[in-house]
Amino acid sequence: MQTTLIPTDLLKKSDKILFIAHLALGDFTYLQNFFKAFAEQNPHLKVHLWVDEVRRTADAAQWPHLKKYSLYDWTAACPFFAKVYNQTYSPELYRASIDEARREHYPIVVSLATLRPHLYAGLAREISPQGLVIGMKKKVKFFEPHHLLAYRKLDAAVPPYQASGQEHHISDVYAHWFGQLSGLEVSEAARFPFVEIPPQWRQYAEEKLAAWNFAPRTGKLVFINPYAKTRKRCWPLEHVAALVQAMQARPGWQDACFIVNAVPQELANAREVIGRYGLQRTELFSAEDNFFQLPAVLERCDLIISVETAVMHLANAVHVPVIALMRQKNPEWVPIDRANSTVITAPHRRDWVKAVSVEQVMEAIR
């Protein structure tokens, strides 16, 4: 019988569990399946989630943006979470959230944090002084003895994932984590991304397309996302404009309509740059009010072209073909639906995504 990190009898008699994670939308696109399966495996448990904000700051000017992080909309709509801690973006709210979590007296706390895991080992133990605390560990360097002290606060650590072959997907890593924790098994088919879009946001997408005169239309609808959290994974707006021009000059795409995605804080700059080109049937979009605005628009498209960020994974979730522009690093993050995904990688390992040319994308479209 498999020995799990969470003892079976403790899991059976516990009424709640807290997972701690620093999550991006791309992470959650795949982790969501495992949280859902874990909740179904343990229907007696209330599953709570701590979403830690790694951009936490004392700068009050940053709080309105951090408070509206779109992941919060998504997790709030997930029925398998009984509680989500999402007020961790300021030092004061972070402390208040810790105090609130301590009052829950969690019998089990699991940290899935891979960045600075020693700090999250301390956080997990602070939240649950007497409970079972499990977390990630990294190899400790000789000048980091304080990391060893932090890891001593863990009752158990999730062993590192060992790939059986040269290629693996990020969902394989997550499957390993949950298998070690509770013996949970999630088939490859069940790891496929999904998103449940509320009806009001589907209605929003219909009205948005109508306002742009994109519905009804004769040509295809193309969504282009050049933005990611880091500059290394972004694609220049000049490339986007050149791609739109090249596609509209190609047979079969002359009547195409284009939606160019921009993160809210870059919307003004994108409007200025794209506006210089006088592109026809091209509109800028940003999910400024709610996360579900994004997948609701994505599912209405015929093709999605995106850099390596959540949009390319959400393309799989809404079953729209995607062309993904990626670096050679982190190949485990390729879209999982290979039949409907075309991956273009930058030529050299050290290259940023901007090294992917417009010609390469056009070749993939052909």
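Five bridges join β11 to β12 (residues 341–345), and the two strands run parallel; strands count as paired if DSSP finds at least two bridges between them. Helices (H or I, at least four residues) and strands (E, at least two) are DSSP runs, numbered from the N terminus.

Before going on, please keep in mind that this is a predicted model, where local features need pLDDT of at least 70, side-chain atom pairs count only at pLDDT 80 or more, and totals for chains, interfaces and linings use all residues. Residues are numbered from 1 along each chain as its sequence is written, and side-chain values use heavy atoms, with hydrogens and water left out.

Now turn to strand β10 (residues 303–307), which pairs with β11 in the parallel sense over four bridges.

How is β11 placed in the structure? Five of the five residues of β11 (residues 322–326) are buried, so the strand is largely enclosed by the rest of the structure; buried means under 20% relative accessible area, exposed over 50%, and partly exposed in between (1.4 Å probe, protein chains only). In a regular strand, side chains alternate between the two faces of the sheet. In β11, Val322, Ala324 and Met326 point one way, while Ile323 and Leu325 point the other way, and all are buried.

Elsewhere, Lys220 lies over the face of Trp253, at 4.8 Å from the ring centre. Lys16 lies over the face of Tyr106, at 5.8 Å from the ring centre. A charge sits over a ring if NZ of Lys or CZ of Arg is within 6 Å of the ring centre and within 35 degrees of the ring normal.
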